[in-house]
Each structure stands twice: as C-alpha cells, then as structure tokens.
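Here is a short note for a colleague who is meeting this structure for the first time. Please read it beside the sequence and the 3D view.

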Amino acid sequence: MLKFTESQSLKNYNTFGFNVVAKLFIEINTKSELQELLKSKEWAENKHLILGGGSNILLTKNFEGLVVLNRISGIEILEEAHNSVLLKVGAGENWHQFVLHTLKENYGGLENLSLIPGTVGAAPMQNIGAYGVEIKDSFHSLEAINLKNGKIEIFKNEECQFGYRESVFKHDVKGQYIICSVSFLLDKPSFHRINLDYGVIKNVLTDKNIDNPSIQDVSNAVIEIRQSKLPDPAKIGNSGSFFKNPIIDAPHFEKLKKSFPNMPFYELEEGMIKLAAGWLIENAGWKGHQENGVGVHPKQALVLVNYGNGNGKDIINLAKNIQDSIQSKFGVELNPEVNFL
Ligand code: EPU
C-alpha cells in the first residue's frame with residue numbers, strides 16, 4: 001500500500017533547512033513500490049519532484065505537486081574477481097555510509113569521496129567529485145525507471161555522458177528517469193590505486209608521517225580537510241559548493257593573470273582553464289558576508305549558508321549579487337551547481 005502524506009514540510013529533507021511545504025509526499029523504499037507509484041492516480045494527477053538527500057537543491061517556494069523521497073536501499077555483490085568487486089547499491093542509501101561500508105570491506109576507489117552529503121542515486125546525476133576523484137572513475141552502470149513506460153533501463157558509464165558536475169540526467173533525459181540503483185567497480189586489497197593528486201591530502205598525510213597511505217588513511221585525511229572547511233549541514237544549512245568552478249579560455253586567463261598573479265588555476269585539455277570560484281568570491285570581498293539570515297561561509301567562500309532565519313529567495317538574491325560582482329571584477333560568469341526550485 002502506498003502511503004501519501006498531505007501538506008508535508010520539507011525542512012528535514014533539504015540540507016539548507018528551508019521550510020517549504022509539499023502538497024503531497026511519499027517515501028519509496030523498493031523498486032516495486034516505485035513501479036506501483038507510477039501507476040497511481042496521485043502520480044498521474046500531479047507534477048513531481050524526486051528527492052534524494054536534498055543536498056543539491058534550493059527550495060524557494062511551496063511545491064504544488066508530489067514529492068517522492070527515494071529511499072530504495074540495499075548493497076549487494078554482483079560479481080567478484082581476484083582484483084575487483086562489482087557492488088550494486090540502492091539509490092536511497094546514504095552516500096557517506098556507503099563509502100564507510102566500502103572502507104570496512106577494504107574495497108578501494110571511493111575513499112577520496114568520503115563525507116559528501118546526499119544519496120547514492122543522486123551521485124551520478126551531477127558526477128560528484130572531490131580531491132582529484134569523480135564518481136565516473138569507479139562507476140560501472142545504473143538502473144533507472146523510464147517514467148514514460150515504467151520499464152527498467154540500464155545506463156553504462158559512457159551512456160551517462162559524465163563531465164564536470166554533469167551527466168545526461170541533467171540534459172538529454174532530464175526528468176525522464178528515476179535512478180533505482182548504482183553499480184560500482186571497486187578495487188580489492190593490493191590492487192588499490194591511491195590518488196594523492198590533490199595537494200592538500202598529501203600535506204595532511206605528511207603532517208601525520210604517513211608515507212604509504214591506505215585507503216582508510218586517505219579517507220581520514222579527506223574527512224579532516226572537509227570538516228575543517230565545510231560547514232556540517234546538520235548544524236548550519238548549506239548545499240556544499242553553490243557555484244561550479246568557472247572554465248575560461250587561455251587569452252582571457254592570460255589577461256586576468258596579469259592583474260591577479262596569485263589566482264589559483266587548473267589547466268584543462270584544449271587550452272581551457274578552470275578557476276577556483278571560492279578564490280574569486282573571497283577576493284571580491286564576500287567571504288563571511290551575512291545578510292537576511294543567509295551568508296557566505298567564513299571558511300570556504302564557495303558555500304552559501306542559511307543561518308536559520310533566511311529563505312530560498314534570500315539565497316537567490318545573495319547569489320545574484322555575487323554573480324554580478326564576479327562578472328564586473330573579473331569578467332567571469334559563475335553558474336550555480338545547485339538546482340533551483
Ligand atoms: N579558495 C580560496 N578561498 C576560498 C575557497 C577556496 O582562496 O574561500 C582557493 C583555495 O585556497 C584553493 C582553491 O581555491 O587554492 C580551491 O579550493 P578547494 O580545494 O577548497 O576546492 P574548490 O575548488 O573550492 C572543489 C569542489 C568541492 C570539492 C573540492 C575538493 C566544485 C564546485 N567544488 O571546491 O566540491 O570538495 O573541490 O576537491 O568543484 C561540492 O561540489 O559541493 C564540493 C564541496
């Protein structure tokens with residue numbers, strides 16, 4: 001039996017903690033419940049919003065439709081080889097709890113992605129990434145329900161068209177599928193591939209005199225770095241990086257570099273350069289800024305926060321002012337990583 005709730009507050013279902021109301025709400029725990037939901041009159045008669053961990057969404061107004069909380073659970077081994085294991089994970093599993101599970105089993109590949117808020121099913125939507133690793137690096141495939149016909153379809157890695165915080169689910173097939181499970185190909189012990197490309201991890205490990213880090217050491221370092229810079233959404237409402245790091249062309253970069261020689265940058269292929277949005281926002285004077293109960297985090301300027309009495313519109317206003325200021329100071333366009341509703 002499907003159990004719908006009317007006039008449900010979404011305060012506990014979005015990491016900004018904004019108190020908007022959904023006209024109708026349902027939590028789904030299995031694939032078959034989801035298939036049943038697609039045949040219901042509540043589904044047919046309403047527009048829909050699918051929520052995972054609510055960690056990448058900005059809710060600006062009440063939702064006059066049906067909110068579906070994806071809580072499909074379960075972790076199973078699909079295949080095992082001498083060097084690798086293929087794990088299938090329910091889309092509603094908490095991402096970090098799943099990473100902790102892989103560490104307990106000593107499966108390598110996701111350690112750099114420790115402590116990212118959200119659910120497993122939301123992770124491929126925007127190809128989550130941190131500290132030199134993206135989910136696409138160990139992603140095998142996913143199962144999703146086609147909302148038009150209720151059929152389960154498989155998307156392999158290349159079919160997801162992963163890019164920097166991008167996938168086909170934000171573009172060509174946006175709103176057409178609900179992800180049910182995700183499969184990861186992970187490395188067994190002695191086949192671990194430790195990735196220390198992101199300099200800060202190396203620094204933390206060196207400070208602890210760890211020369212030959214295990215995946216657990218890397219995870220601990222990542223957790224330490226994240227906790228030192230990023231606000232815990234359970235304490236201060238936020239959705240991680242609010243903007244994507246902007247990508248500009250080489251001639252534009254050469255000009256900027258003359259005026260701002262200390263500006264951090266990463267060279268990408270085809271002569272494009274990625275800038276650090278956090279650095280731009282800090283250098284335009286926004287770090288620690290507060291207005292109307294919202295603000296720019298004092299330790300990481302890329303994170304916008306809700307101090308408790310702001311709302312989604314206050315965040316939009318602040319974001320707009322930051323975008324204008326970055327445009328006029330650096331001639332650079334900042335685009336949100338977060339989805340607006
Ligand atoms: N920086 C500043 N001031 C700030 C913030 C950053 O000068 O207020 C500088 C840092 O000193 C550093 C550079 O900017 O030189 C990059 O900073 P950081 O290593 O903190 O990473 P980021 O580029 O700001 C990205 C991701 C994060 C991810 C980290 C680590 C995006 C939009 N954000 O942030 O992802 O954890 O790298 O890999 O790509 C998220 O997506 O929600 C998220 C937190």
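The points below cover ring pairs, a surface patch, one glycine and the salt bridges.

1. Ground rules. This is a predicted model, in which local features need pLDDT of at least 70, side-chain atom pairs count only at pLDDT 80 or more, and totals for chains, interfaces and linings use all residues. Residues are numbered from 1 along each chain as its sequence is written, and side-chain values use heavy atoms, with hydrogens and water left out.

2. Aromatic pairs. The structure holds 16 of them. One is Y13 with F25, a tilted pair at 5.0 Å centre to centre and 35° between the planes. Y13 sits in the loop between β1 (4–9) and β2 (21–28), and F25 in strand β2, so the pair ties together parts twelve residues apart in sequence. Rings of Phe, Tyr and Trp (its six-membered ring) pair if their centres lie within 6.5 Å; planes under 30 degrees apart are stacked, over 60 edge-to-face, and the rest tilted. Helices (H or I, at least four residues) and strands (E, at least two) are DSSP runs, numbered from the N terminus.

3. F25 counts as buried, at 4% relative accessibility. Y13 counts as partly exposed, at 21%. The cut-offs: buried is under 20% relative accessible area, exposed is over 50%, and partly exposed is in between (1.4 Å probe, protein chains only).

4. A second pair. How are the planes of F155 and Y177 set? They stand at 90°, with ring centres 5.0 Å apart, so this pair is edge-to-face. F155 belongs to strand β11 (residues 152–156) and Y177 to strand β12 (residues 177–187), 22 residues apart. Both F155 and Y177 are buried.

5. F16, F18, F242, F243 and F340 make up one aromatic cluster. At Y164, look for K274: its charged end sits over the ring, 3.5 Å from the centre. That label needs NZ of Lys or CZ of Arg within 6 Å of the ring centre and within 35 degrees of the ring normal.

6. Surface patch. Y198, V200 and Y266 form a nonpolar patch on the surface, with about 230 Å² of accessible area together. V200 lies in helix α4 (residues 199–207). V200 counts as partly exposed, at 30% relative accessibility.

7. G109. This glycine is in the loop between α3 (95–104) and β8 (129–130). G109 is partly exposed, with a relative accessible area of 21%. Leaving aside residues up to four places away in sequence, G109 touches V133, S138 and L186; contact means heavy atoms within 4.5 Å. The C-alpha atoms of G109 and I135 are 8.9 Å apart, across 26 residues of chain.

8. Salt bridges. There are 13 in the structure. Each is a side-chain nitrogen of Lys or Arg within 4 Å of a carboxyl oxygen of Asp or Glu. E80 and K188 meet at 2.9 Å, N to O. E80 is in strand β6 (residues 75–80) and K188 in the loop between β12 and α4, 108 residues apart. K188 counts as buried, at 16% relative accessibility.

9. Two more bridges. E134 pairs with K136, the closest N and O atoms being 3.6 Å apart. E134 is buried at 18%, while K136 is partly exposed at 30%. E282 and K287 also form a salt bridge, at 2.9 Å, N to O. Here E282 is partly exposed at 39%, and K287 is partly exposed at 31%.

Conventions: Patches are made of residues with over 30% relative accessible area and no salt bridge: like charges are joined within 9 Å, nonpolar side chains (Val, Leu, Ile, Met, Phe, Trp, Tyr) within 5 Å. Accessible areas come from the Shrake-Rupley method with a 1.4 Å probe; for residues, only the protein chains shown count as cover.
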